[in-house]
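Let's take a friendly walk through this fold, starting with its sheet and moving on to a pair of helices. Have a look at the structure first.

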Amino acid sequence: MTDQSKPTPAVATAEFDDDRPVPTKPGELPPEIQAPLAPFKGEKPPAPAWFEAAIAKEPQRSFVTSMGTQIEVLTWGEVGKPGLLLVHGNSAHADWWSFIAPYLAEDYRVASMSLAGMGASDWRETYAFQDFAEDAEAVAQATGLYEGGRKPIYIGHSFGGSQVFYAASRHPERMAAAVLVDTGFGGPPPKEREEMERRMEQVRNIPTADRPKRVYATLEQALARFRFMPPQAAGHLFVADFIARRSLKRAPLEDGSGEGWTWMFDPAMWNKLDRSAMNALVTDGPPKVKVPVAHIHGEHSPVIARRQDSRPNPLPADMIEIAIPEANHHVMVDQPLALVAALRTLLKTWPS
């Protein structure tokens with residue numbers, strides 16, 4: 001998370017509805033960052049056997065009603081095993097965990113939720129950190145995450161990690177522990193901020209109320225516009241393709257000639273997000289988190305560099321830190337099996 005007073009560039013993933021050509025001038029983002037899936041022209045990149053085996057273990061898909069909103073939920077594993085709740089990053093969805101969760105479901109009851117305004121979950125007139133926390137509790141209750149004899153462990157990536165941290169700080173009675181995956185607080189170091197903002201302008205063109213989301217005529221066109229935020233190359237293109245395809249939904253074409261494809265997230269989410277609860281949590285001094293906290297992050301993640309910023313870092317000083325080698329911010333895209341190994345090892349030995 002960056003300054004809560006304005007939208008942050010540290011989102012988990014997004015697409016941006018513009019028709020600008022892929023930049024090739026010196027200093028601009030290279031094609032592998034700006035349009036990683038464009039070379040495949042709508043076809044799926046080849047994927048290894050482990051990945052195909054993981055996504056073949058289809059989750060049970062359902063919805064949980066929370067505060068009058070339908071929240072999309074994916075579940076794996078047997079009710080009665082210890083519970084894990086997985087939370088994705090900004091503009092992402094529950095399927096970001098679909099190739100990770102099956103490897104956890106051998107020992108756990110796993111639920112992955114799409115935050116309100118994202119994935120197939122309903123959109124809201126306003127969004128708030130305290131509401132996301134209530135949604136998480138509703139999902140945990142409805143999916144049997146408490147049935148394993150202990151409270152569930154929450155695991156959140158990026159913006160989802162900030163939701164997990166908020167819930168851990170304000171509602172420790174709801175969880176046994178919290179795992180953050182590449183979650184940063186505060187802005188980038190001053191010497192890096194100008195360069196980051198310059199690069200962000202090359203890909204930032206988020207739809208607003210007066211500029212609706214683009215509807216693409218073909219799936220190929222839509223996939224070609226997918227990219228990651230903060231900007232980075234896709235560590236594994238087969239993962240990027242899987243995520244991108246599940247980020248899309250059918251929508252009427254603007255000319256009324258049929259249906260095309262558009263992105264599922266609410267483009268106005270940032271403008272509708274009430275940041276006051278998180279502001280209070282971060283600015284009132286380091287919160288006293290009463291549950292164990294661990295942090296897994298990419299070795300080369302620019303988000304983690306934000307801790308050098310002068311603003312307070314709310315994370316506990318004694319939390320466990322695990323760096324995933326050769327990974328950027330999107331750890332499950334860059335090093336998915338290393339993330340699985342780190343999570344399985346951590347959860348076997350922690351919390352005590």
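Eight strands form an open sheet with mixed pairing, in the order S2-S3-S5-S4-S7-S8-S13-S14. Strand S2 (60–66) and strand S14 (320–324) are at the edges with a single partner strand each, so one side of each has no neighbour in the sheet. From one strand to the next, the twist averages 20°. Here helices (H or I, at least four residues) and strands (E, at least two) are DSSP runs numbered from the N terminus, and two strands pair if DSSP finds at least two bridges between them.

This is a predicted model, in which local features need pLDDT of at least 70, side-chain atom pairs count only at pLDDT 80 or more, and totals for chains, interfaces and linings use all residues. Residues are numbered from 1 along each chain as its sequence is written, and side-chain values use heavy atoms, leaving out hydrogens and water.

His295 has Glu321 in S14 as its bridge partner.

Now turn to helix H5 (residues 159–170), which lies across strand S4 (83–87), strand S7 (153–157) and strand S8 (177–181), at about 145° to S7. Angles run from 0 to 180 degrees between N-to-C directions, and axes are lines fitted to C-alpha atoms, for helices over the stretch in contact.

H5 also packs against helix H10 (residues 276–283) at about 70°, their axes 11 Å apart. That makes the two helices, H5 and H10, roughly perpendicular (65 to 115 degrees). Ser162, Phe165, Tyr166, Ser169 and Arg170 in H5 meet Ala277, Met278, Ala280 and Leu281 in H10, where contact means heavy atoms within 4.5 Å.

Methods. Parallel < 35°, antiparallel > 145°, perpendicular 65-115°, else oblique.
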